[in-house]
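Subject: Structure for your files, with notes

Dear colleague,

Please find the structure that I promised to pass on to you. My notes come after it, and I would be glad if you read them with the model open.

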Amino acid sequence: MSKSEKASSAASPRVRRSRGERVLIGAAVVYAAALLLGPLIAAVWGSLSEGLAAFVREITTRDAITALRLTVILAAAATAINTVFGLCIAWVLVRDKFQGRRIVNGLVDLPFAVSPVIAGLMLILLFGRGGWLTSITDSMGVKVVFATPGMLLATVFVTLPFVIREVMPVLEQIGTAQESAAYTLGASSWQAFWHVTLPSIRWGLLYGVSLTFARALGEFGALLVVSGGISGLTETSTLFIFRSLDDRNYVAAYATALVLAFLSFSVLILMEFFKSRR
Amino acid sequence: MSIVLDRITKRYGKQLVVDRISLEIAEGELFVLLGPSGSGKSTVLRIIAGLTLPDQGRVLLSGRDVTSLPPQRRGTGFVFQNYSIFRHMTVAQNIEFGLKIRKIRAAERRQKRESLLEMVGLAGLDNRLASQLSGGQQQRVALARALAYEPDVLLLDEPFGALDAKIRSQLRRSLREIQQKLHVTAILVTHDQEEAFELADRIGAVDRGRLVEAGSCQALYSQPRTLFTATFLGAGMVLVGRAEQGRAHFGPLSLPIPDPVPHEDGSRVQLLFRPEQVVLSQTKPAEDTLLVGKGTITEQSFRGGVQRVRLSLPRLPATRQIAPPVPFGEDSLLVDTVLPADHPTAGKELWVSLGGWHILEQPRSRLMVFDNGSGSIVHLQIARWLAERLSASVTLLGVAAEPGRSDVLSKAVKRRQEEAKLLDAELRVRSGDPAEQTAIELAETLYDLVIATRVPRRFFFHESRLDSLGAVLLKILEHTSAPVLVVKEQRAPLSRVLICTAAGEPGKNDVRVGGRLARRLGAEVTLLHVTNKSQDPSPLARTHLQQAIATLRGADMTGNMHFRQAATPSEGILAEAREGDYDVIVVGGHAPRTRSAFRLNDVTRQVLAGTGRPVLVVPQEF
């Protein structure tokens with residue numbers, strides 16, 4: 001179907017546009033290019049300013065690699081957690097009309113509204129020295145703040161809304177008729193979800209998942225507060241960039257930034273690729 | 001496989017959606033549940049399939065109680081109105097879904113699928129994506145999918161509702177063929193009477209959650225028992241007349257009342273005749289025909305081979321027309337019928353007589369009286385008087401603040417009931433917030449009239465703001481779609497009725513309801529219009545009152561017109577009521593569920609607060 005659409009758009013005569021329209025399109029393109037491409041070019045420029053060898057050297061230092069590994073692991077774990085719980089929350093918000101539903105619905109957007117730094121501070125208040133829940137975590141032998149669990153918590157908090165907000169409208173749109181049909185055909189709730197509901201919401205879900213992952217890769221503020229930034233241990237790529245800038249190691253900063261940006265872009269472009277194929 | 005429903009009841013919040021529906025459907029039968037949208041018929045279907053749990057009642061499939069079984073274990077095939085086909089699957093995957101779940105071998109699935117596709121007329125489309133099919137094809141796939149694992153019962157929820165007329169009729173034919181071929185018991189839900197007639201072995205008419213009547217198409221069309229079935233199934237004229245010595249009288253027509261429809265002398269009788277039972281003639285027919293009168297054709301519409309015409313006749317004395325509804329301001333008798341398409345019609349005068357007719361069961365009015373077990377019993381006394389005049393049944397409602405006090409209240413109300421000699425009334429005691437429980441009772445049972453009195457002080461929320469209108473009364477007025485008679489002092493017989501059309505808005509319903517009540521009570525009617533400008537009423541007001549008088553004539557009533565000048569409408573109404581010593585003041589209410597209806601400056605509220613006379617508050621039409 002998409003093929004025939006392409007063919008017809010290629011064959012169609014040039015669209016006539018008014019001058020105002022042309023100006024508007026031009027403005028939009030220039031604005032987007034300046035805002036998005038500018039920094040990207042600067043990053044490329046900065047990381048290659050001392051040659052390709054310096055670029056390779058800086059991104060293969062022990063600190064840079066451990067930071068990148070930690071970043072990817074955190075992002076992957078946070079994405080997995082938010083996919084499962086995000087689906088559950090979206091499901092409950094759409095399907096169950098319970099009291100306080102609107103409050104929960106509003107709370108979901110909290111991570112968008114609250115600065116990540118504040119989110120990090122809240123975690124310290126809860127799990128830091130003398131924190132409200134510290135005695136519990138201590139007795140379990142888990143160190144939360146200035147360690148990976150706290151960083152994971154921070155990342156999960158910051159990226160919570162994406163899956164929920166992408167899945168909810170799709171769930172609402174498909175309604176319950178298909179599921180009900182599956183039930184009457186003998187499918188259990190799990191079978192109905194797996195064979196009927198999940199395939200119907202898969203694009204929304206995939207979109208939410210990729211946004212979550214991309215956002216998790218770039219998280220900085222909350223992590224700065226909860227990680228303690230111990231290099232080689234709790235330092236993620238964004239923190240590494242921050243420290244490198246502080247150390248006036250500009251090539252390392254730009255090079256890592258470029259790698260991170262490349263990762264995020266690839267996720268989003270992969271997403272667009274899948275979207276265009278459906 | 002037979003289906004038995006045993007007093008199924010379902011509520012959504014306060015709303016009663018399905019009300020004690022009992023039904024038996026024989027094996028291999030195609031039963032159609034027919035009703036307007038929102039009448040609860042789809043909920044019944046979902047309850048049979050197990051997709052919705054009933055609050056009360058049982059569902060039996062082949063004698064097996066399945067009420068608490070999940071849908072997966074009931075063995076019903078369900079076809080939904082829309083969007084229920086699995087859009088991401090192919091036609092083949094859709095049809096095989098139920099078989100695959102049941103772990104049936106691929107070869108067998110394939111064989112079954114091919115024969116089903118053949119049957120629904122989609123052979124060869126196996127690998128098409130469901131989303132690429134047209135609406136009609138999708139519903140064919142849905143049907144094949146529901147039939148794939150050979151269910152004992154097929155449930156169809158408006159399956160053709162979203163399709164265009166031509167495809168709909170094709171699908172109906174296929175459905176009927178397949179259903180008969182497989183001999184599967186089926187229930188189809190629809191609001192389309194044509195569809196019901198075409199498909200049904202039997203039809204069940206559903207109105208507001210209740211199964212009003214069930215029977216063959218023929219029986220329901222030509223011998224309906226109730227007004228609802230008579231007017232919902234097919235077009236028809238319904239007139240209300242009076243019974244006298246075993247015969248029903250509608251102006252010059254005198255018809256024998258058949259045995260199964262008992263009527264006391266003087267009670268109301270409803271007559272139904274269908275368009276095809278109307279006989280038109282150019283010359284006056286012979287003496288022994290049932291002549292209705294001479295009418296003029298006022299409307300006509302082309303229907304292919306035939307044309308529909310509406311004739312306007314002079315109203316028959318001592319009768320009222322229910323269907324088709326007579327427009328406000330007219331008092332003629334309207335008769336619909338069909339003529340050959342080439343019959344010349346315009347402006348023609350024709351004699352109308354009846355070739356056939358049917359008398360409906362006697363409708364009994366229902367009154368509800370709200371009582372809280374203390375204070376004056378004037379409302380109970382008026383209720384008794386009205387019940388006798390209207391030959392109505394009475395329900396007494398008491399609401400206890402807490403369940404433990406129900407017995408005490410019930411005893412108190414019973415004592416008062418005896419005191420007021422209101423002996424035939426049915427007593428219902430609920431517990432909870434009085435206003436809320438009354439609203440639920442009003443939503444659950446259709447009452448023709450609600451009678452309430454001033455509510456004692458302890459029920460007031462803000463006495464200064466509501467003055468003599470209690471919170472309960474206010475809630476009743478806000479929620480009911482039935483007229484409410486507010487009684488404060490003893491006053492019977494009610495022989496003088498004042499209908500107020502003052503508040504600017506022409507209260508068409510006030511005139512209809514007030515006029516009808518007055519006629520049944522044998523009371524005299526005065527129509528009042530209050531102006532605040534000059535002595536002389538505006539031409540518009542005059543026209544409106546004249547229309548109101550014409551409408552009263554349509555209800556077989558006469559009325560006087562009064563104009564009055566006053567600073568505010570309520571002052572005018574109260575002064576007129578005092579001077580004329582009226583027994584009932586009829587004022588307009590609000591449309592149900594519009595919350596802001598009763599403000600401090602509301603005319604209705606001021607009238608209610610300013611007089612001790614009974615006030616009939618008539619809700620607007622909605």
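This is a predicted model: local features need pLDDT of at least 70, side-chain atom pairs count only at pLDDT 80 or more; totals for chains, interfaces and linings use all residues.

Residues are numbered from 1 along each chain as its sequence is written, chains are lettered from A and ligands numbered from 1 in the order in which they are written, and side-chain values use heavy atoms, with hydrogens and water left out.

To begin with the interface, 23 residues of chain B and 18 residues of chain A take part in the contact, where contact means heavy atoms within 4.5 Å. Between them the two chains bury about 1600 Å², of which 65% lies on carbon and sulfur atoms; buried area is the accessible area (1.4 Å probe) that two parts lose on being put together, summed over both. On the chain B side, Gln72(B), His88(B) and Ile101(B) lose the most area to chain A, and together they make up 34% of what that side buries. The elements of chain B that give two or more residues to this side are α1 (41-49), β6 (76-79), α2 (91-101) and α4 (135-147), with helices (H or I, at least four residues) and strands (E, at least two) taken as DSSP runs numbered from the N terminus. The largest share, 3 residues, comes from α2(B). By residue type, the side of chain B that touches chain A divides into 13 nonpolar, 6 polar and 4 charged residues, where Ala, Val, Leu, Ile, Met, Phe, Trp, Tyr, Cys and Pro count as nonpolar, Asp, Glu, Lys and Arg as charged, and the others, Gly among them, as polar.

Strand β7 of chain B (residues 153-157) is mostly covered, since 5 of its 5 residues are buried, a word used here for under 20% relative accessible area, with exposed meaning over 50% and partly exposed in between (1.4 Å probe, protein chains only). Val153(B), Leu155(B) and Asp157(B) point one way from β7(B), whereas Leu154(B) and Leu156(B) point the other way. Strand β7(B) runs parallel to β6(B), to which 4 bridges join it, and Phe78(B) stands opposite Leu155(B). Strand β7(B) also runs parallel to β8(B) (residues 185-190), with 5 bridges between them, and there Val153(B) stands opposite Thr185(B); two strands pair if DSSP finds at least two bridges between them.

Glu194(B) is exposed at 52% relative accessible area, whereas Arg172(B) is buried at 3%. Another salt bridge is formed by Lys294(B) and Glu349(B), at 3.5 Å between the closest N and O atoms. In chain A, Arg62(A), Asp63(A), Glu235(A), Arg243(A) and Asp247(A) are linked in a network of salt bridges.

With best regards

Notes:
A salt bridge is a side-chain nitrogen of Lys or Arg within 4 Å of a carboxyl oxygen of Asp or Glu.
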